[in-house]
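Thanks for coming. I will go through one model today, starting with the overall fold and then moving to particular residues. Please look at the sequence and the structure on the screen.

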Amino acid sequence: MSAEETTVGEMLAATVPMVRTLNLTFDEAGPERAVVRLPDQAAYHNHLGGPHAGAMFTLAESASGAIVMAAFGDQLARAVPLAVKAEIGYKKLAMGEVTATATLGRPAADVIAELDAGQRPEFPVTIEIHRADGAVTGEMTVLWTLRPHR
């Protein structure tokens, strides 16, 4: 990871208690892609022995937050990023360590142009959750906004 990517992961770990609670690891945290891992931990298993749905939701939402901070962290002086809504679908049984890969759904420049025009832009972040064998176990979309400071 680059120094900027490390900073985003460290910042989220320092400021978001659930990131620390779940021991999430930020493998990538760039403006176009973020990759975050949830280690296999019995304390966060469901009744089938895999990661609990809530832990996977937090993993995916954290990956979306990492990409948002990497893409728009330089806008914090004038706007706050907020998750507006999220939708998740669980596709296959997840077992062991799972990884979430987030991608920005709109060009960052378009989002910033809307902010520059005095609007409150919204943009999706899509996330795939997969197991170590590569099988996609879940898909999530988080709709984010940059709310201008008043």
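One definition before anything else: a contact here means heavy atoms within 4.5 Å. On that basis, residues 24 or more positions apart account for 68% of the contacts in the protein with a separation of 6 or more.

Now the conditions. This is a predicted model, in which local features need pLDDT of at least 70 and side-chain atom pairs count only at pLDDT 80 or more, while totals for chains, interfaces and linings use all residues. Residues are numbered from 1 along each chain as its sequence is written, and side-chain values use heavy atoms, with hydrogens and water left out.

Overall dimensions next. The C-alpha atoms of the protein fill a box of roughly 50 × 30 × 25 Å along the principal axes. The radius of gyration, taken over C-alpha atoms, is compared with a globule rule of 2.2 Å times the number of residues to the power 0.38. For 150 residues a compact globule would come out near 15 Å, and the protein has 15 Å, which agrees. Buried means under 20% relative accessible area, exposed means over 50%, and partly exposed is in between, with a 1.4 Å probe and protein chains only. Of the 150 residues, 41% count as buried.

Secondary structure. Helices (H or I, at least four residues) and strands (E, at least two) are DSSP runs, numbered from the N terminus. The protein has 4 helices and 6 strands, and along the sequence they follow the pattern α-α-β-β-α-β-β-α-β-β.

The strands first. Two strands pair if DSSP finds at least two bridges between them.

Going through some of the pairs: β2 and β4 run antiparallel and are joined by 6 bridges, with Arg33 having Thr103 in β4 as its bridge partner. β4 and β5 are also antiparallel, with 7 bridges, and here Ala100 stands opposite Ile129 in β5. β5 and β6 (residues 136-148) pair in the antiparallel sense over 9 bridges, and Glu122 has Thr145 in β6 as its bridge partner.

How far apart are the ends of α3? The expected span of a helix is 1.5 Å times one less than its number of residues. For the 20 residues of α3 (residues 53-72) that gives 28 Å, and the end C-alpha atoms are 28 Å apart, which agrees.

Aromatic pairs. Rings of Phe, Tyr and Trp (its six-membered ring) pair if their centres lie within 6.5 Å; planes under 30 degrees apart count as stacked, over 60 as edge-to-face and the rest as tilted. The count by this rule is 1 aromatic pair. Phe72 and Phe123 form it, tilted, at 4.9 Å centre to centre and 50° between the planes. Phe72 lies in α3 and Phe123 in β5 (residues 122-131), so the pair ties together parts that are 51 residues apart in sequence. Phe72 is buried, at a relative accessible area of 2%, and Phe123 is buried too, at 0%.

β4 is mostly covered, with 6 of its 7 residues buried. Thr99 is in β4 and is buried, at 11%. Beyond four places in sequence, Thr99 touches Val35, Val36, Arg37, Leu59, Glu128, Ile129 and His130.

Leu82 is in β3. Is Leu82 buried or partly exposed? Leu82 is partly exposed, with a relative accessible area of 29%. Leaving aside neighbours within four places in sequence, Leu82 is in contact with Arg120, Leu143, Trp144, Thr145 and Arg147. Leu82 and Arg147 are 65 residues apart in sequence, and 7.1 Å apart in space, C-alpha to C-alpha.
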